[in-house]
Number of protein chains: 2
Amino acid sequence: MPLDTPKDPAIAAKADLDPQNFALANCIRALTIDAVNAANSGHPGAPMGMADAATVLFRNHLKFDAANPDWPDRDRFVLSNGHASMLLYSLLHLTGYQDMTLDQIRNFRQWGAITAGHPEYGHAKGVETTTGPLGQGLATAVGMALAERALAGEFGGDLVDHRTWVMLGDGCLQEGIGQEAISLAGHLGLGKLIVLYDDNSITIDGPTSVSFSEDIPARFKACGWHVQSCDGHDGRALDAAMEAAKAETGKPSLIAMKTIIGFGSPNRAGSYSVHGSPLGKDEGALTREALGWSHEAFVIPDDLAAEWREIGARGAADREAWEARLAASPKGAALTQRLSGDLPEGYDAAVSAARDALFAAPKKAATRKASQMALEALTPAVPAMIGGSADLTGSNLTRVKAVDTQYTRETPGRYIGYGVREFGMAAAMNGLNLHGGVIAYGGTFLVFSDYARNAIRLSALMGVGTIYVMTHDSIGLGEDGPTHQPVEHLASLRAIPGLTVLRPADTVETLEAWDIAIRNRTVPSLLALSRQDVPQLRTEAGSENLTAKGAYVIRQFGEGRDVTLIATGTEVAIAVEAAEALAAEGMAVAVVSMPSWELFEAQDADYRALTLGTAPRIAVEAAGKFGWTRYVATEDDVIGMTGFGASAPIDRLYQEFGITPEAIIARARLVTGH
Amino acid sequence: MPLDTPKDPAIAAKADLDPQNFALANCIRALTIDAVNAANSGHPGAPMGMADAATVLFRNHLKFDAANPDWPDRDRFVLSNGHASMLLYSLLHLTGYQDMTLDQIRNFRQWGAITAGHPEYGHAKGVETTTGPLGQGLATAVGMALAERALAGEFGGDLVDHRTWVMLGDGCLQEGIGQEAISLAGHLGLGKLIVLYDDNSITIDGPTSVSFSEDIPARFKACGWHVQSCDGHDGRALDAAMEAAKAETGKPSLIAMKTIIGFGSPNRAGSYSVHGSPLGKDEGALTREALGWSHEAFVIPDDLAAEWREIGARGAADREAWEARLAASPKGAALTQRLSGDLPEGYDAAVSAARDALFAAPKKAATRKASQMALEALTPAVPAMIGGSADLTGSNLTRVKAVDTQYTRETPGRYIGYGVREFGMAAAMNGLNLHGGVIAYGGTFLVFSDYARNAIRLSALMGVGTIYVMTHDSIGLGEDGPTHQPVEHLASLRAIPGLTVLRPADTVETLEAWDIAIRNRTVPSLLALSRQDVPQLRTEAGSENLTAKGAYVIRQFGEGRDVTLIATGTEVAIAVEAAEALAAEGMAVAVVSMPSWELFEAQDADYRALTLGTAPRIAVEAAGKFGWTRYVATEDDVIGMTGFGASAPIDRLYQEFGITPEAIIARARLVTGH
């Protein structure tokens, strides 16, 4: 090894524990120092502290092949403390991921580079999920491990057999979602999930003792995890711990690694000052000296570079063997089809049959019930679908015949009881979908989209087709009252870029919404569904998915238009009722059903203009008025809510809050001057 | 006791453990059955299972005086599993809270009643906080306990000495926020916080074994709690456990009570079917029989009613003694002033002085820095203020000289390290403010308002003046990238009814925003603050708080108006720059600074019309365009974001996303035809 002796005796002592691992880890530390200094911003502390462990992991344990980053049976590696992104980028560069060039490292945190401040899914290969919002990496990894087990159960361990590795810090464990993930993983005994905890005793505000003093290993044990502790700078101890974690197959594993943040920096190691700001030129030089690293910035000596590239190629033989098994297996073609993300052949027919059945026998039903009907019809045709609920199965109606096997500790199933853990569920669903081979959907009440909100945002940011089934979508839920009645939620979700919000009006639109959601694997969909019954308004048979247009004229009374009523979901029926009355008064009225603003905006300008018309418009939605001025002149033209709901039976609420045909009629008379 | 012998021998056995407690608890059970049946909706299971424990608590431990529900030194009781609301309403009725009449109980979950489906703060006395969204009751209670200790530290234990009691179920412990609260309470050793856990092994989806198998007592122990377990239907055991919990002063206490959900119902006890639906007439009758309860619906026999009323009056002597101590204490007047919620005398002068200082020496500063300056100036004048951050103190700049004593396990201080627990922080701040005597503010990044969102909603729903300090409020934060850059957040927060969102443009507006937030004790305020510097645009001395108008003309170029530029926060300076250029071209331009949409909407129509003008308008905000059509004709008139941000230095981001004077100028030329 070409390593100079570390100048700092404490560091030298650590280096002596496993000199080769230490030298390899120094490559990560050096690149981190250099990239953060070049960007003049970033987080050097965690990568420097976790470099030894990451080296052991990539060198001896992680199953991957840098030349084939999309190999489906690779281990997944999730850096949950995403601010440590330079750790990941260094590893990807060193092991030879083609897209992670030295130029990318040099351009850390710059416009157009794939080396964003936090790892962004879709930018660089080897970034399995977007991390940065703390706790979510872990929860997403739980979803990946759930997917692996489900697919292994279906296709066999010879084709699906990989682990999910997570690195995380204190922040991920302070965030509540961390506990949701820990609890669920322990409950389901996800034995192939292994967490490396960077226990560096430092958070941004100073020592963790400011806010964090619990016994982490004991907490994990209480949740059914296999727990080990070790020195995070001792390559051999880390190796043994990882080996033991792999051997434990019935429980997820925690390895609590005692580390020194900013390891190597003479003046800043072990201090929160190294967490989130560059070492700078002088301290960088001192650190190189302390570590025994005599190379220029961004220079990795040939022998270490070669060794890292060997590590990157370590999995090639495994991958080839897997490919051979896949080719030879009777289940190979099916798995390949599944992993392609394409829908199975019978899917279109299932949609058509379900559609025809609705037209043949129109049904009055809550749209949550319509959702259940759609799921009953479609899930048998899409074995990739895996459902669940945050402990509201009987309310969300997410469980259907084809998705009726419970996912338990003993056996993977198609239905996951996520518990009262909306955020954990949402992030796990992202992980399930990121993994590939499954299409995850899950339910809760729309109001509790708040709890899951940042994971919904990440679905959109990553471009992952997670399907959110959000029932009890308005004051229409009645007696449970304002804490359970969404008011601002539709607006707040429509405000998220890249999310498709669908609020179907009846059984047909609900089926169409599901069809959209299932097909769209790169955009998340959120279905807002009612507790209360609505009539089937779409009764005229036809094969076109009108919901996919976002909005369309569902009723036309008279010739031309005196007024256009735009409504969504359960309020479309109310708008139709009002329109009938207005028509009886001689007005020409169009009722536009607008199940999705985003899909409507994606239509061409002519269609949009034609649909909205030039007559005065009134919007009807049992929700806050915020945002509706996109389509109507003023918020006075919105028949909706101005404040929170209340606890009372539904009819009384609609009456008291004035979301009635009478209110629509009155406004229509006013705006038209009729 | 007039109790018939319970028909069910298992129930009789439980009753024998403490017959009197059992009889009193049956009053709760009976009222619950009757009210839920009358409403034909609601949750009977949990109140029936927790009735025995609640009876012991109110009978022997809770310090309260039903005739004086606002007694400041009362114990706080928080029903975190709010769906069990009939437990609380029954207790309030039975103990003689004046407003909780039998009529209210009969009108459970009806329009206009104070007996909402979930307990709503401000409806009935004795409801200390709104609960229902699970986990938040516990986290809010942590805030109450923090407030108690802070006030006891300041005013002495003879004037402030009360406990915070929480009842909760599995859901509260599955939600991540529950763990955030547990961890923080254990860390700070909140010895006067006592949690009664309704361990009934049932959640909505079935037995808890579907999703929940961890060792709860062990988890609490790992977090530094004092832990006991007991039979939740054994009055004497419960009494002993509560006594022991009170005796433990260095740690918060958990009492894990094994209970039977729907206790007493022969066919539905112990099953999830009793969680959320009425027993109905027949099962209700069978339950009465099984419990040995022979009274008509809504009838409480006189002797039991009398005993309950005695319980309600039990604290009267304590209260009187407290009042005497308060009157006699040298600190009495100060405490009374503090609890009044009125700002101290010196406050106005502090605001004026800070304002004058800014006009005397204008400063270019990030608005987060301006916020720190405002806090430096105002916190010495408002000793009630207690600050904190979710581990981003150095970024949020929430810690200032007067608020520089750390709140630790040993000593309460004015600064709380909430840890990386945004949701727990927000709920705790609600609890601090609900408690009275303190004004809590706390910081995180604006993007992480997502994590805390439902607690922000509850601040608004309850009408509690929690102050959210949300820095790094746009792509202007730069390199940390899209996971850290809020885009949809301003819109999504503006959509929440009853929340005042403030995005100040400079040091003066930031001071004004703080003044608004501090004064407004019944409306939550959220300050969106920048990482990057902005010039001080308000340089003309004046004492009027213009921010309080929500929007105002900050610059006028030329006579009349060809175009109005509306901007918020850091973009006001960009709009001014554009306006100067447009003015140079001969256009008449008004620049409207709009720090708060909500405050602007509260102005009279004339002022609003005058401010917005009739000329074409352009809005400028480095955020999503959603919602801006309230003020401009179309989203094309918004200079803002259409998608997520990116990781790069700030100047590059503003350039790439087109939030520039040039873009404003181009649009202005287009809309004015100049």
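The model is predicted. The predictor assigns the complex an ipTM of 0.98 and a pTM of 0.98. Chain A has an average pLDDT of 97, and 100% of its residues score at least 70. Chain B superposes on chain A by a rotation of 180 degrees.

**Symmetry**

- The rotation carries 0.0 Å of shift along its axis, and the RMSD of the superposition is 0.0 Å.
- That relation is the one of a two-fold axis.
- The two copies use the same surface: 100% of the contact residues of chain B recur in chain A.
- Gly176(B) is the residue of chain B that comes closest to the rotation axis, with its C-alpha at 1.8 Å.

**Annotated binding-site residues**

- An unreviewed UniProt entry carries the annotation "binding site" for His43(A), His275(A), Arg368(A), Ser395(A), His472(A), Asp480(A), His484(A) and Arg531(A).
- These residues span 489 residues in sequence, and their farthest two C-alpha atoms are 48.0 Å apart, so they do not all gather at one spot.

**His43(A)**

- His43(A) sits in the loop between α2 (19-39) and α3 (45-61) of chain A.
- Its relative accessible area is 11%, so His43(A) is buried.
- Beyond its neighbours within four places in sequence, His43(A) contacts Val36(A), His83(A), Arg109(A), His275(A) and Gly276(A) in chain A.
- His43(A) also contacts Asp480(B), from the other chain.

**His484(A)**

- His484(A) lies in the loop between β12 (467-471) and α20 (489-494) of chain A.
- With a relative accessible area of 7%, His484(A) is buried.
- Residues up to four places away in sequence aside, His484(A) touches Phe445(A), Val447(A), Phe448(A), His472(A) and Leu477(A) within chain A.

**Annotated domain**

- The unreviewed UniProt entry assigns residues 365-536 of chain A the annotation "domain: Transketolase-like pyrimidine-binding".
- The end C-alpha atoms of residues 365-536 lie 8 Å apart.
- This span is 37% helix and 18% strand.

**Arg538(A)**

- Arg538(A) is in the loop between β15 (533-534) and β16 (552-557) of chain A.
- Arg538(A) counts as buried, at 7% relative accessibility.
- Its contacts, leaving aside neighbours within four places in sequence, include Asp506(A), Glu509(A), Glu512(A) and Glu544(A).
- Arg355(A), Phe359(A), Val508(A), Leu546(A), Thr547(A), Tyr552(A) and Ile554(A) are also in contact with Arg538(A).
- Arg538(A) and Arg555(A) are 17 residues apart in sequence, and their C-alpha atoms are 9.5 Å apart in space.

**Aromatic rings**

- Over all chains, the count is 35 aromatic pairs.
- One cluster joined by ring pairs includes Trp597(A), Phe600(A), Tyr607(A), Phe626(A), Trp628(A) and Tyr631(A).
- The cluster also includes Trp597(B), Phe600(B), Tyr607(B), Phe626(B), Trp628(B) and Tyr631(B).
- Tyr607(A), a member of this cluster, has the charged end of Lys549(A) over its ring, 4.7 Å from the centre.
- In chain B, Lys549(B) lies over the face of Tyr607(B), at 4.7 Å from the ring centre.

How values were computed
Residues numbered from 1 in each chain as written. Chains lettered and ligands numbered in written order. Predicted model: local features only at pLDDT ≥ 70, side-chain atom pairs only at ≥ 80, totals over all residues. Heavy atoms only, no water. UniProt positions renumbered as here; feature names shortened; annotations may be inferred. Helix = DSSP H or I, 4+ residues; strand = E, 2+ residues; numbered from the N terminus. Buried < 20%, exposed > 50% of the residue type's maximum accessible area, 1.4 Å probe, protein only. Contact = heavy atoms within 4.5 Å. Phe/Tyr/Trp six-rings, centres within 6.5 Å; stacked < 30°, edge-to-face > 60°. Lys NZ or Arg CZ within 6 Å of the ring centre and 35° of its normal. pLDDT = per-residue confidence, 0-100. Least-squares fit on C-alpha atoms with pLDDT ≥ 70 in both.
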